[in-house]
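Here are some notes to read alongside the model. Please keep the structure open and find each element as it comes up.

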Amino acid sequence: MSSERSSVKELAAVKGTHDILPGEVEVWQAVEASVVGMFGRYGYRELRAPVIEHTELFEKSTGETTDVVQKEMYTFIDKGGRSITLRPEYTPSVARAIVEHRLDLLGTPMRYFYIGPMFRYDKPQKGRYRQFHQIDIEVFGEKDPAIDAEIIEMADSMLVSLGVTGTETLVNSVGCRACRPAFSQALREAAGGVKDGLCGDCRRKMETNPLRIFDCKVEACREQAKVFPQITGFLCPECRDHFAGVRRYLDLYGVAYRVEPNLVRGLDYYTKTAFEVVRLDAGQQNAVLGGGRYDDMMKDFGGPDVCGIGFACGLERLIALVSVKPSPRRFVYVVHSGEAARAKAVELARIFRRGGVETLVEFAGRGFKSQFGRAAKLGAAWVLVVGEDEVAKGEFLLKDMATGTQTSGKAEDLLSSLQRPG
Ligand SMILES: [Zn+2]
Ligand SMILES: [Zn+2]
């Protein structure tokens, strides 16, 4: 380690991470409060799992051949020699918690939501971070296609309530363990035919997990994939009926959607329904949120045979699209002059805060003029003046900084005037 003093660069946030500063954080809080309220109305409860999990959890559930597990995980060996991973997504943690605490015994369906940071060692780019934040919802123990549609409808309502416009909802069925192998084989053959036109990564995926070719971002591969066979023709009767049911309920809910046969999502555990809400930004289609059904995940953990479905929504991206105006900060700044007034100022601040009003006290003890200047600079909505005369009279002066209106009165009366809405 260098003995020199750290430079500012060394003290910068870790590459791919970002601070959410006051001024922005109010938008985050407003969005979070809005979605938490909405999830509550659909019967979801919060489940907070740890940020770290055993690496094996993601290898087993997210899938060993996915890009997330192969390239993007923050994995380290802890002091006890265990392989630990900073969660790259939330669903496996919820499934693990359900199995561990046997939450399924409390009755199904189980509806959970969570908001928090996820970690992926991805190439940082505009709007994409290595520590990013997700809204995540999951339903376990509900097989009926009505729930698939309800979740998509909830995602739709969430975006509408946040003022996100210009989105399109894409749905597909990715089949199940009964029907997907035949599709994978057909894909493998189609990819094999145009092998030389595919990137090295896709040539590898062709052998291990051909569905993942659809995730490739290389333009040449995307072009080839357009003419590959589509899953729709391979669905077994159960998957076909389920997908028809999802679409029927979406119509009932009045949700606009488009069937996108190449939508497979980048994770291995999806079965049947997969969906995404996308938005066209600068000519490029980007997912605002995405999810799907994962009926085998729990069973694969050695847990109960409980099906699941959910979606995740990246908050950084969502925040950039919302038109949410957080309510402006309104606070009282208490200025004072003299020892007795200073003591009174502190006492008044306590009374006002207990009364639900944000209140700050000047401590630098300068003249009234510079105290007023400071109040204005900080953006105080009101200034409460506490001078020697005011202390003697027990009546104080409250100045509205926007209008210049001054009101004189007892502390309780001034407080109740501030507590009145509007
Ligand atoms: Zn099937
Ligand atoms: Zn490729």
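1. Which residues in H1 meet which residues in H5? From H1 the residues are Ser34, Val35 and Met38, and from H5 they are Ser157, Met158 and Ser161. Sorted by class, this contact of H1 with H5 holds 3 nonpolar, 3 polar and no charged residues. Please bear in mind throughout that the model is predicted.

2. The geometry of this helix pair can be stated briefly. H1 covers residues 25–41, and it packs against H5 at an angle of about 145°. The two axes are 10 Å apart, and the crossing of H1 and H5 is right-handed.

3. H5 itself takes in residues 145–161, which makes 17 residues. From the first C-alpha to the last, H5 reaches 24 Å, close to the 24 Å expected at 1.5 Å a residue. Buried residues in H5 include Ile147, Ile151, Ile152, Met154 and Leu159. Met158, one of the residues that meet H1, is also buried. After H5 comes Gly163, which has a positive phi, near 80°.

4. Next, the strand E5. How many of the 10 residues of E5 are buried? The count is 8, so this strand, residues 110–119, is largely enclosed by the rest of the structure. A residue counts as buried here if 20 or more other C-beta atoms lie within 10 Å of its own.

5. E5 pairs with E1 and with E6. With E1 (residues 45–46), E5 runs parallel, and 2 bridges join them; Arg45 has Tyr112 in E5 as its bridge partner. With E6 (residues 131–140), the pairing of E5 is antiparallel and extends over 10 bridges. Within that pairing, Arg111 stands opposite Val139 in E6.

6. One open sheet has 3 strands, in the order E2-E4-E3, and its pairing is antiparallel. At the edges are E2 (52–54) and E3 (74–77), each of which pairs on one side only. From one strand to the next, the twist averages 35°. E3 and E4 (residues 83–86) are joined by 4 bridges in the antiparallel sense, and Tyr74 has Leu86 in E4 as its bridge partner. Helix H2, residues 55–63, lies across E2, E3 and E4 and runs at about 75° to E2.

7. Another open sheet is built from 5 strands in the order E13-E12-E14-E15-E16, with mixed pairing. Why is one side of E13 and of E16 left without a neighbour in the sheet? E13 (358–361) and E16 (406–409) are the edge strands and each has a single partner strand, so one side of each has no neighbour there. The twist in this sheet averages 25° from one strand to the next.

8. Leu384 has Leu398 in E15 as its bridge partner. Helix H12, residues 339–354, packs on the sheet and touches E12 (331–336), E13 and E14. The direction of H12 makes about 165° with that of E12. Helix H15, residues 411–419, also packs on the sheet, touching E15 and E16. The direction of H15 makes about 135° with that of E16.

Methods:
Residues numbered from 1 in each chain as written. Chains lettered and ligands numbered in written order. Predicted model: local features only at pLDDT ≥ 70, side-chain atom pairs only at ≥ 80, totals over all residues. Expected span 1.5 Å × (residues − 1). Buried ≥ 20, exposed ≤ 12 C-beta atoms within 10 Å, placed from the backbone. Pairing = 2+ DSSP bridges. Axes fitted to C-alpha atoms, helices over the stretch in contact; angles between N-to-C directions. Contact = placed C-beta atoms within 7 Å. Left-handed = near helix turned anticlockwise from the far one by under 90°. Nonpolar A, V, L, I, M, F, W, Y, C, P; charged D, E, K, R; others polar.
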